[in-house]
Amino acid sequence: RKKYLTYIDQIADRYADGDLDARGVHLALAGLMRALGTERTGRDLEVATVSEVRELVPVWPGLADILQACEVPSFTGDNIPQGQPSHEAVTRVLTMAVEAVNV
């Protein structure tokens, strides 16, 4: 857990420093949470859809919730201002990631 919480802190720090935009935070968290899910469950969740994650890991709904929260912002173009998640959305998804790791 500590390792993944450290990674989440690093993502948050990179966002605060301007190294990552909101979309980048969502992409980084999605990848991190998929790696965590794969490590914890022994199932390859790297390319699973959110629906598949819900079916494969029903006892960990927070994992699918965070992946779903990251899904649309991750695939919205950088050049579309309304496509960038708000600062509040970034804060929310970082909190969701911490909660999912701590389960």
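**Notes on helix packing**

1. In the contact between the helices α1 and α2, the residues Lys3, Tyr4, Tyr7, Ile8, Ile11 and Tyr15 of α1 meet Ala22, Val25, Ala28, Leu29, Leu32, Ala35, Leu36 and Glu39 of α2. The residues of this contact divide into twelve nonpolar and two charged, with no polar ones. Please keep in mind throughout that the model is a predicted one.

2. As for the geometry of this pair, α1 and α2 (residues 22–41) pack with their axes 10 Å apart and at an angle of about 175°. Since angles over 145 degrees count as roughly antiparallel, α1 and α2 are therefore described as roughly antiparallel to each other.

3. Two of the α1 residues that take part in this contact, Tyr4 and Tyr7, also deserve a comment of their own. The count of aromatic pairs comes to one, and the pair is formed by the rings of Tyr4 and Tyr7, whose centres are 5.8 Å apart and whose planes stand at 90°, so the pair is edge-to-face. Tyr4 and Tyr7 are three residues apart in helix α1 (residues 2–16), which means that about one helical turn separates them.

4. On the α2 side the contact is made by Ala22, Val25, His26, Leu29, Met33, Leu36 and Arg40, which meet Ala89, Val90, Val93, Leu94, Ala97, Ala100 and Val101 of α5. The residues of this contact divide into twelve nonpolar, one polar and one charged. Ala22, Val25, Leu29 and Leu36 of α2 take part in the contact with α1 and also in the contact with α5.

5. Turning to the whole chain, the protein has five helices and zero strands, and along the sequence the pattern reads α-α-α-α-α. Of the contacts between residues at least 6 apart in sequence, 62% join residues at least 24 apart.

6. Finally, on burial and surface, buried residues make up 39% of the 103 residues, while the accessible surface of the protein comes to about 5,900 Å², of which 53% belongs to carbon and sulfur atoms.

How values were computed. Residues are numbered from 1 along each chain as its sequence is written. This is a predicted model: local features need pLDDT of at least 70, side-chain atom pairs count only at pLDDT 80 or more; totals for chains, interfaces and linings use all residues. Side-chain values use heavy atoms; hydrogens and water are left out. Rings of Phe, Tyr and Trp (its six-membered ring) pair if their centres lie within 6.5 Å; planes under 30 degrees apart count as stacked, over 60 as edge-to-face and the rest as tilted. Helices (H or I, at least four residues) and strands (E, at least two) are DSSP runs, numbered from the N terminus. Axes are lines fitted to C-alpha atoms, for helices over the stretch in contact, and angles run from 0 to 180 degrees between N-to-C directions. Angles under 35 degrees count as roughly parallel, over 145 as roughly antiparallel, 65 to 115 as roughly perpendicular and the rest as oblique. Contact means heavy atoms within 4.5 Å. Ala, Val, Leu, Ile, Met, Phe, Trp, Tyr, Cys and Pro count as nonpolar, Asp, Glu, Lys and Arg as charged, and the others, Gly among them, as polar. Buried means under 20% relative accessible area, exposed over 50%, partly exposed in between (1.4 Å probe, protein chains only). Accessible areas come from the Shrake-Rupley method with a 1.4 Å probe; for residues, only the protein chains shown count as cover.
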